[in-house]
Amino acid sequence: MSIISSEAERLYPPEAVDCHGAITIPVYTSDDLAEAYMDGAERQPTNEEIEAGAKAFYEALKPDSYPQWDSDCALRAEYYDAMRLAVKAMQGKATEDA
């Protein structure tokens, strides 16, 4: 079981739903919510998310002599690539079976 599926099961434990005699029928079951959680965790990050992460890494790790991210930063593309690799590694770890 992967980290993501374990987390989804913990957050949305499987429950037996008895809809007989119920006034309303549940719209979502715990299985639906767990599946949505896993889909969200496994989705590809947006370009805006990659840029935000790359900027945060750059600003946190740059020497004082380096320019601010918003100036003409020559290393920007390298930070985007590094962030994509980091996210891919995190997603790979989260989705591999233990």
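At what angle do the axes of helix H3 and H4 cross? In this predicted model, the axes of H3 (residues 47–61) and H4 cross at roughly 110°. They come within 9 Å. Angles of 65 to 115 degrees count as roughly perpendicular, so H3 is roughly perpendicular to H4.

From H3 come Asn47, Ile50, Glu51, Gly53, Ala54, Phe57 and Tyr58. They meet Tyr79, Tyr80, Met83, Arg84 and Val87 in H4. By class, the residues of the contact of H3 with H4 divide into eight nonpolar, two polar and two charged.Ala82 is also found in helix H4. In sequence, Ala82 and Gly53 are 29 residues apart. In space, they are 9.8 Å apart, C-alpha to C-alpha.

Gln91 lies in helix H4 as well. Is Gln91 buried or exposed? Gln91 has a relative accessible area of 17%. The cut-off for buried is under 20%, so Gln91 is buried. Gln91 touches Ala41, Glu42, Arg43, Gln44 and Pro45, with residues up to four places away in sequence not counted. Of these, Ala41 also takes part in the contact of H2 with H1.

Attention now turns to helix H1. Which residues of H1 are buried? In H1 (residues 3–11), they are Ile4, Ser5 and Ala8. These residues cover an arc of only 95° around the axis, so they sit on the same side of H1. What do they pack against? Their partners are helix H2 (30–42) and helix H4 (76–95).

The axes of H1 and H2 come within 9 Å. They cross at roughly 145°, and the crossing is right-handed. H1 contributes Ile4, Ser5, Glu7, Ala8 and Leu11 to the contact. H2 contributes Ala34, Tyr37, Met38 and Ala41. The contact of H1 with H2 has seven nonpolar residues, one polar and one charged. Ile4, Ser5 and Ala8, the buried residues of H1, are among those that meet H2.

Definitions and conventions. Residues are numbered from 1 along each chain as its sequence is written. This is a predicted model: local features need pLDDT of at least 70, side-chain atom pairs count only at pLDDT 80 or more; totals for chains, interfaces and linings use all residues. Side-chain values use heavy atoms; hydrogens and water are left out. Buried means under 20% relative accessible area, exposed over 50%, partly exposed in between (1.4 Å probe, protein chains only). Helices (H or I, at least four residues) and strands (E, at least two) are DSSP runs, numbered from the N terminus. The arc is that of the directions from the helix axis to the C-beta atoms. Contact means heavy atoms within 4.5 Å. Axes are lines fitted to C-alpha atoms, for helices over the stretch in contact, and angles run from 0 to 180 degrees between N-to-C directions. Angles under 35 degrees count as roughly parallel, over 145 as roughly antiparallel, 65 to 115 as roughly perpendicular and the rest as oblique. Ala, Val, Leu, Ile, Met, Phe, Trp, Tyr, Cys and Pro count as nonpolar, Asp, Glu, Lys and Arg as charged, and the others, Gly among them, as polar. A crossing is left-handed if the near helix is turned anticlockwise from the far one by less than a right angle, and right-handed if clockwise.
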